[in-house]
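Visitor: I am new to this. Could you show me how to read a structure, one feature at a time?

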Amino acid sequence: MSKMHIKLTVNGRPVDALAEPRMLLIHFLREQLSLTGPHVGCDTSHCGACTVDFNGKSVKSCTMFVAQAQGGEVKTIEGVAAADGSLHPLQEAFREHHGLQCGFCTPGMIVRAYRLLQENPNPTEAEIRIGIAGNLCRCTGYQNIVKAIRAAAERMNTAKEAAA
Ligand code: FES
Ligand code: FES
């Protein structure tokens, strides 16, 4: 199949690459851009390990053709920390609250939580559980993931108040 020019922004950087339009976004990110944070856990839209932020929404990048991302903005786990390398409060909180074990689900989980906290900066535990329902973790039992997201929300809200 002939390749097409794909232009999009990934983690704040413009990307212009040739790819078959039928290529899945997850494969484009991992194989062509070497962004291996998002994982392939199932390939059936079930596990959420491939979750990225696309135009302000969480998407499972195994369900999208790269051609559908044309002109869009993608954020992967590689783009969540600050430019100076300091960790995002969600990354800090996952570390502090042991929100990961093997880490396979973690990039997708954190990128999803990132969008969840943009949509709802002060979620209850129940809202967090619903918010991450599309992301499966086979290790942690979710308890510490939920705790970490709650802790990150508190930290981010405190920082916002201090800056106001
Ligand atoms: S690899 Fe995309 S949802 Fe599992
Ligand atoms: S930490 Fe292993 S799948 Fe979530």
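**Contacts, burial and charge pairs**

Guide: Start with contacts. This is a predicted model. Setting aside neighbours within four places in sequence, Thr76 is in contact with Asn11, Leu29, Leu35, Pro38, Val52 and Val111.

Visitor: Where is Thr76 found?

Guide: Thr76 lies in the loop between strand 5 (73–75) and helix 2 (89–96).

Visitor: Is Thr76 buried or exposed?

Guide: Check the relative accessible area. Buried means under 20%. Thr76 has 0%, so Thr76 is buried.

Visitor: Now charges. Why can side chains pair?

Guide: Side chains of opposite charge can pair when their charged atoms come close. Here, a search of the whole structure finds 8 salt bridges.

Visitor: Which side chain meets Arg115 in a salt bridge?

Guide: Asp53 does, at 2.8 Å, N to O. The pair links distant parts of the chain. Arg115 sits in helix 3 (residues 106–119), and Asp53 in strand 3 (residues 51–54). They are 62 residues apart.

Visitor: Are Arg115 and Asp53 buried or exposed?

Guide: Both Arg115 and Asp53 are buried.

Visitor: What about Arg22 and Glu20?

Guide: Their side chains form a salt bridge at 2.7 Å, N to O. Now look at accessibility. Exposed means over 50%. Arg22 has a relative accessible area of 51%, so Arg22 is exposed. Glu20 is partly exposed, at 21%.

Visitor: Which side chain meets Arg112 in a salt bridge?

Guide: Glu119 does, at 3.5 Å, N to O. Arg112 is buried, because its relative accessible area is 12%.

Definitions and conventions: Residues are numbered from 1 along each chain as its sequence is written. Chains are lettered from A and ligands numbered from 1 in the order in which they are written. This is a predicted model: local features need pLDDT of at least 70, side-chain atom pairs count only at pLDDT 80 or more; totals for chains, interfaces and linings use all residues. Side-chain values use heavy atoms; hydrogens and water are left out. A salt bridge is a side-chain nitrogen of Lys or Arg within 4 Å of a carboxyl oxygen of Asp or Glu. Buried means under 20% relative accessible area, exposed over 50%, partly exposed in between (1.4 Å probe, protein chains only). Helices (H or I, at least four residues) and strands (E, at least two) are DSSP runs, numbered from the N terminus. Contact means heavy atoms within 4.5 Å.
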